[in-house]
Amino acid sequence: MRFTKLTIGQLSLATGIHQQRALSEQLAQLWPRLDVLYVNAGDVTHRLLEEWDESSYDRLMNTNLKGPFFLIQSLLPMLSNPSSLIVCGSVSAHIGLPQSSAYAASKAAILSLARTLSGELKAKGIRVNGLNPGPTETPALSKLGNGASDQPLRDEIRALVPVGRLGSTLELAKAAVFLASDESAFMVGSELLMDGGVKNI
Ligand SMILES: NC(=O)c1ccc[n+]([C@@H]2O[C@H](COP(=O)([O-])OP(=O)(O)OC[C@H]3O[C@@H](n4cnc5c(N)ncnc54)[C@H](OP(=O)(O)O)[C@@H]3O)[C@@H](O)[C@H]2O)c1
């Protein structure tokens, strides 16, 4: 299995249908068929409810839901039969972490999309599942909100994890490979939690 991460320069902030179509046309020149699509991009902004404004809310929802929705639509003709479509959710979709209102709602929505599409796309041989990370050591932890003042929230998130540490990107990558491969052939419209036990507290 060959994995390639693309950085699409000018298109990196694309969330609209026109940009998503341009991206799929660009991709189609490199690979006519896709065996695996992992929808990863995320805006992880965390804020108190009263601190949200409309443009920040729209940016988060565009990145976490609208962009993925139309990206999947645009790439659909390229997905092989069989293929695996994985959306990146979050354990936040299942817990009530303060300040995660918009983020958690966006992740709950994309996991719902995965469930629905798993039925809609099964005739095309496309398996759809969600991968739900818990707190993981990535640059996202410095992008939660307002920089230095985020430290209490970052500490709160670290303290949430029953196993006493953050997850690693390698652990998530292994879970993604599982979902991408035939090892998970019987998993359809489901979610894989890699959260160090957070959901169970
Ligand atoms: N880290 C965690 O604890 C954690 C927990 C649960 C779920 N997740 C999810 O895991 C996924 C990856 O996050 P991460 O932790 O690896 O965070 P990250 O390091 O901040 O990565 C987020 C990625 O999303 C890209 N991105 C953001 N907005 C975009 C847009 N509008 N268009 C295209 N790309 C965009 C970023 O690109 P640029 O670098 O170019 O901005 C970056 O590559 C996200 O969906 C996140 O919600 C993370």
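Guide: Start with the largest nonpolar core, which has 21 residues. Leu37, Ile72, Leu75, Leu85, Val87 and Val128 have the most contacts inside this core. A nonpolar core is a set of buried Ala, Val, Leu, Ile, Met, Phe, Trp, Tyr and Cys residues, joined through side-chain atoms within 4.5 Å. Buried means under 20% relative accessible area, exposed means over 50%, and partly exposed is in between (1.4 Å probe, protein chains only).

A word on the ground rules. The model is predicted, so local features need pLDDT of at least 70 and side-chain atom pairs count only at pLDDT 80 or more, while totals for chains, interfaces and linings use all residues. Residues are numbered from 1 along each chain as its sequence is written, and side-chain values use heavy atoms, with hydrogens and water left out.

Which elements build the core? Two or more residues each come from α1 (17–30), β1, α2 (54–75), β2, α3 and β3 (126–133). Helices (H or I, at least four residues) and strands (E, at least two) are DSSP runs, numbered from the N terminus. α3 gives the most to this core, with five residues.

Now pick out leucine 75. Its contacts are Ser24, Leu27, Leu34 and Leu37, once neighbours within four places in sequence are left aside. Contact means heavy atoms within 4.5 Å. Another core lies apart from the largest one. This other core has ten residues, among them Val44, Met61, Leu97 and Leu153.

Glutamine 20 lies in helix α1. Glutamine 20 is buried, at 4% relative accessible area. Along the sequence, glutamine 20 and isoleucine 72 are 52 residues apart, yet C-alpha to C-alpha they are 8.7 Å apart. Threonine 116 belongs to helix α3. This threonine is partly exposed, with a relative accessible area of 48%. Valine 128 is twelve residues from threonine 116 in sequence, and 8.8 Å from it in space, C-alpha to C-alpha. Alanine 109 is also found in helix α3. Its relative accessible area is 27%, so alanine 109 is partly exposed. Alanine 109 and alanine 93 are 16 residues apart in sequence, with C-alpha atoms 8.4 Å apart.

Next, strand β2. Serine 84 sits in this strand. Is serine 84 buried or exposed? Serine 84 is buried, because its relative accessible area is 2%. Not counting residues up to four places away in sequence, serine 84 touches Asp35, Val36, Leu37, Arg127, Leu179 and Ala180. Arginine 47 is 37 residues from serine 84 along the chain, and their C-alpha atoms are separated by 33 Å.

Proline 82 is in β2 as well, a strand of residues 79–88. A cis peptide bond joins asparagine 81 to proline 82, with omega at about 5°.

Pro82, Ser83, Ser84, Ala180 and Asp182 lie nearest the centre of the second largest pocket, which is lined by twelve residues. β1 (34–39) and β2 are the elements that give two or more residues to this lining. β2 gives the most, with three residues. The lining divides into five nonpolar, four polar and three charged residues. Here Ala, Val, Leu, Ile, Met, Phe, Trp, Tyr, Cys and Pro count as nonpolar, Asp, Glu, Lys and Arg as charged, and the others, Gly among them, as polar.

About 180 Å³ of space lies in the second largest pocket. On a 1 Å grid over the protein atoms alone, a pocket is an open set of points where a 1.4 Å probe fits, with protein on both sides within 12 Å along at least five of seven lines; lining residues have an atom within 4 Å of a point. Grid points are joined across faces, edges and corners, and a volume is the space filled by probe spheres set on the points.

Past β2 comes the loop to α3 (101–120), where glutamine 99 lies. Its phi is near 75°, a positive value in a residue other than glycine. Glutamine 99 is partly exposed, at 28%.

Last, the rings. The structure holds one aromatic pair. Phenylalanine 69 and phenylalanine 70 have ring centres 5.0 Å apart and planes at 75°, so the pair is edge-to-face. Rings of Phe, Tyr and Trp (its six-membered ring) pair if their centres lie within 6.5 Å; planes under 30 degrees apart count as stacked, over 60 as edge-to-face, and the rest as tilted. Phenylalanine 69 is partly exposed, at 40% relative accessible area. Phenylalanine 70 is partly exposed, at 23%.
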